[in-house]
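My notes follow the display.

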Amino acid sequence: MSLRNTESHYGKLTIIMHWLMAAMIIGMIVVGFVMDNMEDGDLKWKIYALHKATGVILLILALFRWYWTLSNKKLQPLESYSQLDIKLAHAGKWFLMLLILLMPVSGLIMSIAAGKSVNMFGLFTIPGLDEKNHQIAGLFHSVHEIAAWIISAVVGLHILFAFKHHWLSKDATLTRMLGKN
Ligand code: HEM
């Protein structure tokens, strides 16, 4: 298997990034909703710090993912796909790519504007604004929260469609992202 995509196969790096980012994003969504509903205290703030630092890593991965997707060959749709399948897959993919960028960007802007720094696993710190901007912080807090519900629904649909193709249509949609064909 080559590193880059061909017209019929995903490359190694696309497959690794897909599953790594899928696990991280699902983890971030679950942790995000759980921490938001926790009682204030040390554990909550530790989880916040972890969520924020991991989110910044996801932002870097998301930017690389955009570059990699745009600079790689686009796979040809499978023969079994209908025109509707092709349109839905295309729209779903780009909507998800946008949300994967919007989530960390909105989280980071919200934190910085609220004057909260992001400690990157003790390596360095992204500082918050000295003069907090409550309006911007509030706006991006709402964006982060609304986008969190939308990305949860889109990820859920994405998984449902993958299983629908695998079990009902019995095509290679899922297995080609596993590098099996
Ligand atoms: C792909 C990346 C990310 C995902 C999927 C994600 C997901 C979530 C979710 C689901 C919530 C709960 C939403 C709510 O009910 O309020 C949340 C809250 C939060 N996120 Fe993120 N997040 C990401 C990146 C970030 C980043 C990069 C930061 C900051 C550097 C951040 C900071 C926060 C904060 C501070 C909250 C709590 C907001 C509050 O107190 O209500 N997130 N996130």
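I began with a crossing: α3 passes α4 in a left-handed one. Left-handed here has the near helix turned anticlockwise from the far one by less than a right angle; clockwise would be right-handed.

Before going on, I noted that this is a predicted model, with local features needing pLDDT of at least 70, side-chain atom pairs counting only at pLDDT 80 or more, and totals for chains, interfaces and linings using all residues. Residues are numbered from 1 along each chain as its sequence is written, and side-chain values use heavy atoms, with hydrogens and water left out.

I looked up the contact of α3 with α4.

Next I took the geometry. Helix α3 (residues 83–113) packs with α4 at an angle of about 150°, their axes 8 Å apart. That makes α3 roughly antiparallel to α4. The classes are: under 35 degrees roughly parallel, over 145 roughly antiparallel, 65 to 115 roughly perpendicular, the rest oblique. Axes are lines fitted to C-alpha atoms, for helices over the stretch in contact, and angles run from 0 to 180 degrees between N-to-C directions.

I then checked α1 against α4. Helix α1 (residues 12–36) and α4 pack at about 135°, with axes 11 Å apart. The two are therefore oblique to each other. Their crossing is left-handed.

I turned to the metal. Which residues coordinate the iron atom of the ligand? His-51 (NE2) and His-144 (NE2) do, at 2.0 to 2.1 Å. The pair links distant parts of the chain: His-51 lies in helix α2 (residues 42–71) and His-144 in helix α4 (residues 134–169), 93 residues apart. Donors are N, O and S atoms within 2.8 Å of the metal (3.2 Å for Na, K and Ca).

The six donor atoms around the iron subtend angles of 86 to 179°, which makes the arrangement octahedral. For six donors, octahedral requires opposite donors over 155 degrees apart and all others between 65 and 115.

Are these histidines buried or exposed? His-51 is buried, at 13% relative accessible area. His-144 is buried too, at 16%. Buried means under 20%, exposed over 50%, partly exposed in between (1.4 Å probe, protein chains only).

Last, I logged the whole chain. I found five helices and two strands, in the pattern α-α-α-β-β-α-α. Helices (H or I, at least four residues) and strands (E, at least two) are DSSP runs, numbered from the N terminus.

Definitions and conventions: Four donors count as tetrahedral if all angles lie between 85 and 135 degrees; four count as square planar and six as octahedral if opposite donors are over 155 degrees apart and all others between 65 and 115; anything else is irregular.
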